[in-house]
Amino acid sequence: PSHFYSFSFAPNPDWTRKWAKQPEILDYFEGLVSRFSLEANLRLGTEVTESTWSDADCRWTVRTNDGRTWEADVLVNALGQLNMPYVPDIAGLADFGGTVFHSARWDHDHDLGGERVGVIGIGASAIQFVPPVTREAAHTTLFQRSANYVAPKPDREFHAWERWVFRNVPGANRAYRFWIWARLEARFSLMRRNSALGRMLEKRYKAEVAKMASDRLPLDALVPDYPPGCKRVLIADDWFPAITRDDVEVVTDDVVGITEDGVDTANGRHIELDTIIFGTGFRSTDFLTPLKITGIGGRDLNEAWDGGAVAYLGLSVAGFPNMFMLYGPNTNLGHNSILFMIEQQVDYILAALEQVERRGAGAIDVTEGALTRWDEEMLRRSA
């Protein structure tokens with residue numbers, strides 16, 4: 001919900017809906033630039049290509065794609081996880097004669113009206129874009145690897161009096177944020193293996209969704225074969241109305257190839273299409289790629305992560321002093337707001353830097369032992 005998909009230090013009492021739409025969310029974040037006078041500190045359209053630590057100077061040298069270098073005492077990598085779209089390497093994709101795009105790189109100039117549209121990848125992205133696509137396209141085919149748990153989305157416009165309260169009653173906005181946080185945080189228990197809440201939800205969900213099954217939309221296309229929490233629990237009120245339309249087909253057979261005019265599936269079907277939209281998510285585990293980061297003794301971060309990305313509290317990597325990450329390994333979550341998580345990480349970074357200044361130190365680094373113990377704890381608790 002938008003009151004929690006925003007920053008605690010920059011509340012917006014004027015959200016028009018419980019779940020604001022993209023233009024309103026974008027306006028909020030872009031508005032923070034002028035609100036906090038950040039213009040002078042931004043370098044837009046500038047790609048960082050390399051960051052190197054100097055043991056002698058206790059500083060980072062940052063190089064950008066325009067040939068400039070920047071010196072910094074502290075390096076914070078805030079690249080996020082969901083910024084590099086992932087398109088699977090499907091045989092024949094380059095041969096397709098129609099239109100192809102990833103949902104995160106939407107082709108807004110392309111008109112889907114009257115077209116046969118195929119959607120590959122049915123997850124958190126598709127849950128948002130498929131319903132409007134089905135209303136435009138002549139026919140929509142959804143290539144689904146596994147079904148999702150889809151929860152109701154009690155979205156509505158805020159009443160004028162509610163927005164007045166958020167603007168004028170001290171503490172109202174903060175209290176509402178806390179209520180959202182507490183309600184969502186309580187749902188974490190359903191993600192634990194064999195939790196009573198999870199079993200109850202799974203049983204009830206299957207019973208309700210099974211009522212929609214038909215010859216055209218079989219049970220395995222509707223009901224997940226895994227417990228709640230293994231994938232994101234999605235929220236939408238228009239998903240089931242969309243996939244039960246007469247002009248929508250859900251295909252659960254594997255996609256094995258793409259031809260000039262459509263998609264081939266594992267059971268031998270060829271489905272003709274005009275447009276293919278990939279909702280296949282992001283390269284979410286390729287942290288900091290393709291940025292080259294070199295720490296103590298010339299150690300390359302990609303080499304340090306050869307066995308998988310790991311960072312203490314999702315923030316710090318041993319051998320890379322004064323370097324922090326936001327939204328790093330093991331910080332994603334499926335039940336609450338990542339912006340809340342990021343704010344906690346920023347608070348931690350500021351506290352760490354205060355320690356550096358207070359002790360008159362040149363840098364702060366996490367020990368290998370602390371990093372290893374943290375990684376082992378995460379593996380144990382996420383089992």
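I began with α8 and asked what its buried residues pack against. I found α1, β4 (75–77), α4 (172–185) and β16 (323–325) as the partners, counting a contact when heavy atoms lie within 4.5 Å. I then listed the buried residues of α8: Ile338, Leu339, Ile342, Glu343, Gln345, Ile349, Ala352 and Val356. For burial I used relative accessible area: buried is under 20%, exposed over 50%, and partly exposed in between, with a 1.4 Å probe and protein chains only. Helices (H or I, at least four residues) and strands (E, at least two) are DSSP runs, numbered from the N terminus.

A note on the source: this is a predicted model, so I took local features only at pLDDT of at least 70 and side-chain atom pairs at 80 or more, while totals for chains, interfaces and linings use all residues. Residues are numbered from 1 along each chain as its sequence is written, and side-chain values use heavy atoms, with hydrogens and water left out.

Next I checked the length of α8. Its 22 residues (338–359) should span 32 Å at 1.5 Å a residue, and the end C-alpha atoms are 32 Å apart, which agrees. The expected span is 1.5 Å times one less than the number of residues.

I did the same for α5. Its 14 residues (196–209) should span 20 Å, and its end C-alpha atoms are 20 Å apart, so the two agree.

Which residues of α5 are buried? I noted Gly198, Glu202, Tyr205 and Val209. They sit on the same side of α5, because they cover an arc of only 75° around the axis; the arc is that of the directions from the helix axis to the C-beta atoms. An α-helix has 3.6 residues a turn, so residues three or four places apart point the same way. On the other side of α5, I found Ala196, Met200, Lys203 and Arg204 exposed. The buried residues of α5 pack against β8 (150–151) and α6 (239–243).

Then I turned to Phe36, in the loop between α1 (22–35) and β1 (48–54). Phe36 counts as partly exposed because its relative accessibility is 36%.

Last, I wrote down the overall figures. The protein chain has nine helices and 16 strands, and its C-alpha trace spans about 70 × 55 × 45 Å along the principal axes. Of its 383 residues, 39% are buried.
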